[in-house]
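Subject: Structure for you to look at

Hi there,

Here is the structure I promised to send over. Have a look at it first, and then read on for what turned up.

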Amino acid sequence: MALTIAILSQKGGTGKTTMTRSLADIFGRLDINTLTVDADPQGNLSDYFDVDPAVEPTLADVLTGRAKAVDAIHDGVVPANLALAEAELMLSGKMGRELTLRNALREAKRRYDAILIDCPPTLGLLTVNALVAADRALLSAEAEYFSMQGVEQALEVVELARDNLNPELEVLGVVLNIANMRTRHARETLETLKKHFPGTFETVIRRSIAYAESAERAVPILDYRPDRGVDYLRLAAEIFERLEMPDRVEQVEELAAEVAPGPAPAPVAQPGSAPQGQAAPAQSQSDPDL
Ligand SMILES: Nc1ncnc2c1ncn2[C@@H]1O[C@H](COP(=O)(O)OP(=O)(O)O)[C@@H](O)[C@H]1O
Ligand SMILES: [Mg+2]
């Protein structure tokens, strides 16, 4: 059964789609058979995978019962376009509306090892569907003034989904994303996040123009700028650590040595140990952000 992870945040522009594509790429390199689901009507993930915008069926057809999810996979993604906004409206009047994606993914869950769901920039019905279909919720938060509030709201929705519809759902963690760690503000945000949400990852995804550039070229960050993509390798290692998959952690470390030669990624911090490992590439505050 595929481990299903919903990647969400309370708003847009926090790096959800970039996180989905980067983790999908890393999972693929580890030979984890991974399906991605674009649950955002803006279809950014589908664009990244270069899916023909007119392709059918899409997630909209799956949610309205016109197609099976396994028949709606194109280039490794169940794509989305604006029709998904319409499908969401249609869905809202139906019985079991929150369970639709979960039911639709049943067959795909048997065929894949992992499913990553890229959520829309709202905490509405599509995100709830993703959370009900998921085993884990992964939150992305950008370092800005309302990020704490945004994370709190997203966590409330996760809790609602768990309490009412999906008791198996667990929070995988909160990632500080698109962060310029040279600014005091970003460093303070990280500290506050850690204080309020113990599930905050040690790994921070640093701000870099390389993400936009690599998206434009439809190239994984690890191919385009491995020195930046190493942040996602660190995140993947920390995720596998939390999932209690030590073999996968080791594989990520091997991959890091391969694609970003030099010192291995810092080991995942053990409870009670210093938060930043000594091994490089350490996320030192003096790191250039671009
Ligand atoms: N670590 C990063 N540093 C700088 N820009 C980033 C980073 N991650 C994503 N971006 C860029 O920020 C914008 C929003 O990211 P995206 O992943 O689309 O967010 P969301 O899916 O939450 O709306 C995109 O232009 C993307 O290329
Ligand atoms: Mg997005």
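The secondary structure of the chain amounts to 13 helices and 7 strands. Its radius of gyration is 18 Å, close to the 19 Å that the globule rule gives for 290 residues, so the chain is as compact as a globular protein of that length. Please keep in mind that this is a predicted model.

Some overall figures next. Along the principal axes, the C-alpha atoms fill a box of roughly 55 × 35 × 30 Å. Of the 290 residues, 53% count as buried. Among contacts with a separation of 6 or more, 75% are accounted for by residues 24 or more positions apart.

As for the surface, the chain exposes about 12900 Å², with carbon and sulfur atoms supplying 50% of that area.

One helix is worth a look on your screen: α4, residues 83-92. Its buried residues are Leu84, Ala87 and Leu91. Viewed down the axis of α4, these buried residues fall within an arc of 55°, so they line one face of the helix. The face of α4 turned away from the buried side carries Glu86 and Leu89, which are exposed.

What covers the buried residues of α4? The cover includes the strand β2 (34-38) and the helices α3 (59-63), α5 (100-104) and α7 (125-133).

Best wishes

Technical notes. Residues are numbered from 1 along each chain as its sequence is written. Chains are lettered from A and ligands numbered from 1 in the order in which they are written. This is a predicted model: local features need pLDDT of at least 70, side-chain atom pairs count only at pLDDT 80 or more; totals for chains, interfaces and linings use all residues. Side-chain values use heavy atoms; hydrogens and water are left out. Helices (H or I, at least four residues) and strands (E, at least two) are DSSP runs, numbered from the N terminus. The radius of gyration is taken over C-alpha atoms; the globule rule is 2.2 Å times the number of residues to the power 0.38. Buried means under 20% relative accessible area, exposed over 50%, partly exposed in between (1.4 Å probe, protein chains only). Contact means heavy atoms within 4.5 Å. Accessible areas come from the Shrake-Rupley method with a 1.4 Å probe; for residues, only the protein chains shown count as cover. The arc is that of the directions from the helix axis to the C-beta atoms.
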